[in-house]
Structure formats: C-alpha cells, structure tokens
Amino acid sequence: MAVDDECKLRFLELKARRTHRFIIYKIDEKKKMVVVEKVGEPVLNYDDFAATLPANECRYAIFDYDFVTEENCQKSKIFFIAWSPDTARVRSKMIYASSKERFKRELDGIQVELQATDSAEVGLDVIQGRAN
C-alpha cells in the first residue's frame with residue numbers, strides 16, 4: 001500500500017508546528033494508497049475528533065493530545081489510532097490491519113498507539129490514561 005506524500009506532510013505540520021489538532025487518513029482502494037481525508041484545526045477538541053470517525057468504516061487517525069501533568073507541566077502526546085469498527089466490511093478491516101505497520105513507519109514521532117473497534121475504546125478517558 002502506497003502512502004500519499006500529503007500524509008507525511010500533514011503529520012510533520014502537526015508534530016513540528018502544531019498547525020492541526022488531528023488528521024484522519026483513509027485508504028483509497030482504487031488508488032491503493034493511504035490519503036488524507038480530514039484535517040482538524042488546532043482550536044478543535046477531542047469531541048470534534050471523535051465525531052469525525054465514521055461508524056461503519058475503518059480509518060487511521062493521528063490525535064495531538066494536550067494535557068497538564070500532576071507537576072503542573074503543559075505536555076502533549078501524539079496518538080496513532082487504528083479505527084476498525086465491528087460494523088466495517090471484513091475486507092476493509094483486513095486491508096487496514098495489513099497496511100498499518102507500513103503506514104506507521106512513514107510517520108516518525110508517534111508516541112502512543114491505540115487500536116479501537118468502538119467509541120468506548122477510544123474515549124477521552126482512555127486517551128487521558130494512556131497519556132500519563
């Protein structure tokens with residue numbers, strides 16, 4: 001599976017310049033390529049991100065989570081989320097699962113990885129728990 005250059009470019013913008021809160025990627029089966037589907041502005045929050053994940057289709061996502069530590073330090077973690085809902089087509093789930101590691105290698109700087117099949121597995125409480 002090829003990776004569109006825009007995927008890497010948007011990730012670098014998120015990582016280095018904090019110009020995005022999240023990025024949603026999808027696999028274009030006709031082109032046999034991972035492409036950027038949606039980019040979330042820095043002012044958006046977790047709820048905006050969660051609302052963009054389709055209920056019946058697989059996606060890859062990057063979420064930049066800002067938080068404050070117990071020592072009152074402002075921190076950020078970059079999450080890679082493999083979204084594969086139970087209701088997605090089996091073929092789609094297989095394509096996303098088999099392409100995940102190759103795609104992740106293209107995005108240098110991922111700090112936490114999550115695999116999610118429903119919204120509870122990628123809830124804000126899970127993100128908060130994994131950030132610390």
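User: Which residues do ring pairs link into a cluster?
Analyst: The cluster joined by ring pairs consists of Phe 22, Tyr 46, Phe 49, Phe 63, Tyr 65, Phe 67 and Phe 79. Rings of Phe, Tyr and Trp (its six-membered ring) pair if their centres lie within 6.5 Å; planes under 30 degrees apart are stacked, over 60 edge-to-face and the rest tilted.

User: What are the ground rules for this model?
Analyst: The model is predicted, so local features need pLDDT of at least 70 and side-chain atom pairs pLDDT 80 or more, while totals for chains, interfaces and linings use all residues. Numbering starts from 1 along each chain as its sequence is written, and side-chain values use heavy atoms, without hydrogens and water.

User: How many aromatic pairs are there in the whole structure?
Analyst: A search finds 12. Tyr 25 belongs to strand β2 and Phe 103 to helix α3, 78 residues apart; helices (H or I, at least four residues) and strands (E, at least two) are DSSP runs, numbered from the N terminus.

User: Is Tyr 25 buried or exposed?
Analyst: Tyr 25 is buried, at 0% relative accessible area, and Phe 103 is buried at 1%. Buried means under 20%, exposed over 50%, and partly exposed in between (1.4 Å probe, protein chains only).

User: Switching topic: what does Cys 7 touch?
Analyst: Leaving aside residues up to four places away in sequence, Cys 7 touches Tyr 25, Val 34, Val 35, Val 36, Phe 103 and Leu 107. Contact means heavy atoms within 4.5 Å.
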